[in-house]
Structures are given as structure tokens and as C-alpha cells.
Amino acid sequence: MPSLAPDGPCLTRHQSVTARVARVTRQRRGPFAAGDQAQLTDPKGRRHLVVLQPGRSFHTHRGVIAHDDLIGLPEGSVVTSSGGTQYLALRPLLADYTLSMGRGAAVVYPKDAAQIVAMADIFPGAAVLEAGAGSGALSCWLLRAVGEAGVVVSFERRADFADIARQNVTRFFGGPHPAWRLHVRDLPTDLPADLLGDWDVPGGQLGDVPGGQLGDVPGGQLGDVPGGPPGSATPQEAYPGKEGFDRVVLDMLAPWEHVASAADALIPGGVACCYVATVTQLSRTVEALRGHGGFAEPSAWESLVRGWHVDGLAVRPEHRMVGHTGFLVTARRMAAGVSPPLLRRRPAKGAIDGGDPW
Ligand SMILES: C[S@@+](CC[C@H](N)C(=O)[O-])C[C@H]1O[C@@H](n2cnc3c(N)ncnc32)[C@H](O)[C@@H]1O
């Protein structure tokens, strides 16, 4: 079934799908091309991120490397600067990228992003609500996990941070990601009605969604919704999130203020996931989730990752590690009107001094 791409030509479904996949993954494989990012690692392990542009050069105190020397090379090549230093050239992994990209707000560390993707169960095609977008690091992870068939609706209250997030996400994916909606405003507390209004594509036309035709989403079959040809699905059919989000991920100062709206936004069985920096935030978030009554018992944890030095017989933990980044909390949404089962274990004496501990 042919579909009309935004810029005009009539493509077969396969061609169109291939073009869209190629766009979003353009920077991820094949020889280095103009516009790609190259991560150059020197013999001391120092990394430099370069966007390749014909005629430009990368200058270091160890000499100069012409971008043209990199363009056309396969990843994993070694280039030598004019000063004789060798650099390993690779595309940055997302973990590398999020640690080296420009920042406004502090980013979610890769170890925590991995935990969020795994433990909040971010899946291809999921509808995810995110706040705040900050520098866009977690947005990149979420977008990569949901893919083009999903949707990530992100809120960021600060315009300057939102600009940085937009730049970072766009640079990583090599263009605007078709599944991303970034709202520069506070996450509303009256979430559903407000968000559903904002989220409607103009006139209900799926073809108006940035990035092209929803009917072309690879494998997502958005256009194959029963009852219509590609592109004829209603927004509700195309975006399951129109009925509610599968996941809500909050990385913000006061997630407990948004527990009720997260509950309203989530489908039954959906996952709320909060990332907080301090134990007081952790405690308050968990108690708010418990106190709401619409979530199953929350889980809370942190992850510590310790690198190992492995060199012949010298095999030991690294002397240094990132000691603390943040705590994670997840909780599953109960069905409407259903309360979680009473816990069989009693709170420790003195844990709750009557009523809301906060
Ligand atoms: C720690 S940063 C998020 C970093 C982001 N997850 C990343 O990986 O780049 C927290 C962000 O939440 C934003 N924020 C705080 N409260 C908010 C709210 N109520 N609505 C929207 N954004 C909010 C802040 O402006 C800040 O940019």
C-alpha cells in the first residue's frame, strides 16, 4: 500500500519504513559520514566528541586531525594526529553520549537509565510520560526503548533546559525523533484532560505527526488498526497512551506532588517510576505512592556499579567509583477503584507516628 511521505514522493510501505528507520538510526552504522558524531579516544583514555564536517579539523595539544581523514573510514579505525598521537575513532554509545553531551540539569547516569528501562519495563511501542526532561539524557534512553511506534511525552519547566534537551536528543538521533513530544511547561497536576488536549495531532490527522506517517511505523502496524487503511487510525487507536500511559517516569524535585496525576494518567498495571537524589525525597515519594491507595506496594532501591581493574594477575576492584547518583522507586497502578491488598507485615514500631509521616 503506497503512502505519501511528507515531502511528496509516493513510496511503497517498505521504502517508506526503510527511509524512516534509516533516518533515526543514520548515525549508528556504516562508514563515518559527514554529520556523524565520532568519539576520539587518546592513549590515556580521554574522549573527545566531534561532529564530522568536510573541510573542518579537530585541534588538540597533540596535533590536528582533519575530519576528511575520518569521513569514509569504518568505525573502529585509528587515526593519527599531526603530532603523531593515535586516536581510536568510534561512534559514541548512548552511555558515552549522555555523559559527554552539553548539560543544563544533571543527567541520569547510564547505570540508572538502564535500571529505569529494565525495571520500569519500557518496551517498544509504549506510551511514556516523562518529567522533567532536564538535559534530555533520559529522554534519549526512553525514546530508544519505545522506538518509533511508541511515544514519549516529556515536560520541562525551564525553557533553557528544554532547549538543551532538544539539541541533545536531536543530535543523538540525527534529527527530530518522531516519537517525542516536548512540552516546555510544568507537568500539570490536572494531567489527563490537559494532556489529552495537547496531545491531539492537529485535526486528528496521523500524517501530521512530526516525522511522517504513522501508517508507516515499522512493525508497529499503527496503520493496520482494524477498520481502516494505513493512516486512517484514530489517535486513540494509534496511541494507546490516549487511553492512558503505560509508564510514567519522574525525575524532578518533588515527584510526590504528582502521584495523583501519575495515577490518573496510567493504565491499570502501568508503572510509575521515580528517580530521586536524597533519602528524604525517597521516603516522601514512597509514602505518597502508598498513601494514594491506587498503587501496589512500591519498591525502592539504588544501584552501585563498581568497575574492575583486570591486568594479568592484578585483578581487583577499581579504587574509585561513583558512590551515589540517586534512588529509584517503582509502583504498579491498580485497577480503577481497587485498593492494594493489605500488607501482612506490620510497620516497624515507631516507623509511622500516626497519620502521614510528612
Ligand atoms: C534532574 S533534572 C532531569 C534530568 C533528566 N532526567 C536528564 O536525564 O537529563 C530535573 C528537571 O526537572 C525539571 N522540573 C522540576 N519540576 C518540574 C515540574 N513540575 N514540571 C516540569 N519540569 C520540572 C527541572 O527544571 C529539571 O530540569
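Mentor: Strands here (E, at least two residues) and helices (H or I, at least four) are DSSP runs, numbered from the N terminus, and two strands pair if DSSP finds at least two bridges between them. Before going on, keep in mind that this is a predicted model: local features need pLDDT of at least 70, side-chain atom pairs count only at pLDDT 80 or more, and totals for chains, interfaces and linings use all residues. Residues are numbered from 1 along each chain as its sequence is written.

Within that pairing, Leu129 has Val153 in S10 as its bridge partner. To get from S9 to S10, the chain passes through H5, and this β-α-β crossover is right-handed (with the strands pointing away from the viewer, the path from the first strand over the helix to the second runs clockwise).

Now look at S9 from its other neighbour. S9 also pairs with S12, again in the parallel sense, over four bridges. There, Glu130 sits opposite Val249.

How covered is S9 itself? Five of the five residues in this strand, 127–131, are buried, where buried means that 20 or more other C-beta atoms lie within 10 Å of a residue's own, with C-beta atoms placed from the backbone. Ala127, Leu129 and Ala131 are on one side, Val128 and Glu130 on the other, and both faces are covered.

Step back and you'll see that S9 belongs to an open sheet of seven strands, ordered S11-S10-S9-S12-S13-S17-S14, with mixed pairing. Its edge strands are S11 (180–184) and S14 (299–301), each pairing on one side only. At the S14 end, S14 and S17 run antiparallel and are joined by three bridges. Trp301 stands opposite Leu328 in S17. Helix H6 (residues 159–173) packs on the sheet, touching S10 and S11; contact means C-beta atoms, placed from the backbone, within 7 Å. The direction of H6 makes about 165 degrees with that of S11, using lines fitted to C-alpha atoms (for helices over the stretch in contact) and angles from 0 to 180 degrees between N-to-C directions.

One last thing on H5 and S10: H5 (137–146) and S10 (151–156) each supply at least two residues of the shell around the ligand. Of the 21 residues there, the nearest are Ala105, Gly132, Gly134, Ser135 and Ala137, where near means a C-beta atom, placed from the backbone, within 6 Å.

How values were computed: Two residues are in contact if their C-beta atoms, placed from the backbone, lie within 7 Å. A residue is buried if 20 or more other C-beta atoms lie within 10 Å of its own, exposed if 12 or fewer, and partly exposed in between; C-beta atoms are placed from the backbone.
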